[in-house]
Amino acid sequence: MERRTIGAAALGVGAVGLGCMPMSWAYTGSEQRGERSLRAVHAALDAGTTLLDTADMYGPFTNELLLGRALRQRRGDAFLSTKVGLLLGDQHMVANGRPGYVRRACDASLRRLQTDVIDLYQLHRADPEVPVEETWGAMAELVSAGKVRALGLCAVGAGARRRSGADPHEQTVRQLERVQQVFPVSAVQAELSVWAPEALRRLLPWCEARGVGFLAAMPLGSGFLTGTLTPGQGFEADDARARHPRFTAEMMAANQPVVAGLRRVAARHGPGTTPAAVALAWVLRQGRHVVPVPGTKRPEWAVQNAKAAALTLTDADLAEIAALPAALGSWD
């Protein structure tokens, strides 16, 4: 697989990563089978994927434990990324950016992951009660201690700013400019896909201008852009999409033209090309610093996603995708 670099430290990773969250949290609980998820991790590594993305809150904690098992004999094959700063409460999430907590959380993640070092440690969400510089300074100390190789920041939720018409990532850019004064940012993680292109406006150019890697979260639109979801099929109660306005039967039906366009492009590249591959190839074309991180818990899909790195979209393909209708439906 093509290799890409993250940040000023030029950390090399496969061009397509693996989002591990669905293996343990937020998606279709009845299909979260440990052994199949382990096979998915190994299949991704065998296919050239190296960046494995997790967080201590996924589960919580069980996703890191799963990766620790998977990498027991293959740590050298993986670029391990995890996150800190969010805790699960009763029906809500709470940010914790206190320096003492960050240090303890890192040690706990290292134990669960069965590793001596985390390749990329990301701040999941800034704590409004703690200056972000203090949190970032504690994370920088972990780099000095040899427990972490590089630091990243996850974008702030952007729903309200989408509605207001303002740039949805303005707050994230302000945070980045603050923490960059404390210790270099190696990567930013934010949603980017054919049906959620907002990061192209300012966040992606900010990263490119500073040599910061961009991890594209949800590049397959939480499964919608794969073309495998049927409007009205319903989701299990513990699946986050069951409460997401874009995944109502009405909105899924209304957004089918987006998937149809990806199918047309895929058809031009041969019978083995899927809408998912086209969606990932589009993300890859947004810059050499961009690494899509599609989530899956199925080995066959992990392999298909990895193969998307070899798909080259033509100018005609890109023009057709650019002409697709904007996705309909609220994000809140």
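Mentor: The second largest pocket has a lining of 14 residues, and V194, P197, L324, P325 and A326 are the ones that lie nearest its centre. A pocket here is found on a 1 Å grid over the protein atoms alone, as an open set of points where a 1.4 Å probe fits, with protein on both sides within 12 Å along at least five of seven lines; lining residues have an atom within 4 Å of a point. This is a predicted model, in which local features need pLDDT of at least 70 and side-chain atom pairs count only at pLDDT 80 or more, while totals for chains, interfaces and linings use all residues. Residues are numbered from 1 along each chain as its sequence is written, and side-chain values use heavy atoms, with hydrogens and water left out.

The space in this second largest pocket is about 210 Å³, a volume filled by probe spheres set on the grid points, which are joined across faces, edges and corners. Sorted by class, its lining holds 12 nonpolar residues, two charged ones and no polar ones. For that sorting, Ala, Val, Leu, Ile, Met, Phe, Trp, Tyr, Cys and Pro are nonpolar, Asp, Glu, Lys and Arg are charged, and the others, Gly among them, are polar.

Now let us step back to the chain. It has 12 helices and 12 strands (DSSP runs numbered from the N terminus: H or I of at least four residues for helices, E of at least two for strands). Its radius of gyration is 19 Å, close to the 20 Å that the globule rule gives for 332 residues, so the chain is as compact as a globular protein of that length. That radius is taken over C-alpha atoms, and the rule is 2.2 Å times the number of residues to the power 0.38. Of the 332 residues, 57% are buried, where buried means under 20% relative accessible area, exposed over 50% and partly exposed in between, with a 1.4 Å probe and protein chains only.

N63 is part of helix α2 and is buried, at 0% relative accessible area. It touches C20, M21, M23, S24, T54 and Y58, leaving aside residues up to four places away in sequence; a contact means heavy atoms within 4.5 Å. Between N63 and G287 there are 29 Å from C-alpha to C-alpha, and they are 224 residues apart in sequence. P60 sits in the loop between β4 (51-53) and α2 (62-70), and a cis peptide bond with omega of about 0° joins it to G59.

Most residues other than glycine have a negative phi, and most peptide bonds are trans. With that in mind, look at the loop between β11 (213-217) and α8 (249-254), where M218 is found. M218 has a positive phi, near 50°, and is partly exposed at 35% relative accessible area. S222 lies in the loop between β11 and α8 too, with a positive phi of about 55°, but S222 counts as buried at 16%.
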